[in-house]
Amino acid sequence: MIKSIDPKRQAIIDAATRMFLAHGYRNVSMDKIAQAAPVSKATLYNHFDSKPALLAAVVSALCTALLRTMTETVTESDDVENNLKKIATSFMDLLFAEDGLAIYRLVIAESHDFPELGQLVYESGPLPALNWLENYLRRLNAGGRFNIADPTFAANAFFNLLKGDLYLPCLLAIKPLPSTDEKNRVINQVIPFYMRGILHADQ
């Protein structure tokens, strides 16, 4: 169960998101973020001991909806295909969120001078989602319903199939964000293929 976030921590993350997107990572100081929140510097550093850690929290916050959907889906239903569709819908909404794409562009732009940002961001959002899906697939194996040879590969494959050829052009801002219908079309193509080809489930 994902706990509710502390209001001051949320205010800091919201302010940092606005400031990073408006001015870039290197042009925003912790002092400016504290003023925008607004909180004291002591409160800011009590929650985040560095600017890279704060950026990682911004990305993690963008992933919260996905992680919540994943955890709630499995407790609500034993229908694996329907669970995967719900996870895929949440993932696609996150993947193509304007703020999410903007933050990832910012991280890429700053990664040469601040290589630690990439690792922090990866560990704050994508990695937990990937680990959670891998553990879910392992539980399916343990329950005897599936025989997934490599859950790590299967979890990676699921998210990469959903990215397809849509994500990179959107990340590079050379293609508009997909509509809901376009995202649903991808999901409806990926799920049956994934169930048969990766999970080896008869349909």
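The model is predicted, so to speak of local features a pLDDT of at least 70 is needed, side-chain atom pairs count only at pLDDT 80 or more, and totals for chains, interfaces and linings use all residues. Residues are numbered from 1 along each chain as its sequence is written, and side-chain values use heavy atoms, with hydrogens and water left out.

Let us start with the whole chain. Its secondary structure comes to 11 helices and zero strands, where helices (H or I, at least four residues) and strands (E, at least two) are DSSP runs numbered from the N terminus. The C-alpha trace spans about 55 × 35 × 30 Å along its principal axes. For 203 residues, a compact globule would have a radius of gyration near 17 Å, and the 19 Å of the chain agrees with that; this radius is taken over C-alpha atoms, and the globule rule is 2.2 Å times the number of residues to the power 0.38.

Now look inside. Buried residues make up 43% of the 203 residues; buried means under 20% relative accessible area, exposed over 50%, and partly exposed in between (1.4 Å probe, protein chains only). The largest nonpolar core has 39 residues, and Leu84, Leu133, Leu137, Phe158, Tyr194 and Leu199 have the most contacts inside it. Such a core is a set of buried Ala, Val, Leu, Ile, Met, Phe, Trp, Tyr and Cys residues joined through side-chain atoms within 4.5 Å. Helices H4 (51-76), H5 (80-95), H8, H9 (151-163), H10 (167-171) and H11 (180-197) each supply at least two residues of this core. A second, separate core of 25 residues includes Met30, Val39, Val107 and Leu117.

Leaving aside residues up to four places away in sequence, Phe158 touches Leu84, Ile87, Ala88, Leu133, Ile191 and Tyr194, with contact meaning heavy atoms within 4.5 Å.

Helix H8 also holds Glu134, which counts as buried because its relative accessibility is 13%. Not counting residues up to four places away in sequence, Glu134 touches Pro151, Thr152 and Ala155.

Finally, follow H8 to its partner H7. Helix H7 (residues 116-124) and helix H8 (residues 126-142) pack at an angle of about 35°, with their axes 3 Å apart; axes are lines fitted to C-alpha atoms, for helices over the stretch in contact, and angles run from 0 to 180 degrees between N-to-C directions. Here Val121, Tyr122, Glu123 and Ser124 in H7 meet Pro126, Leu127, Pro128 and Leu130 in H8.
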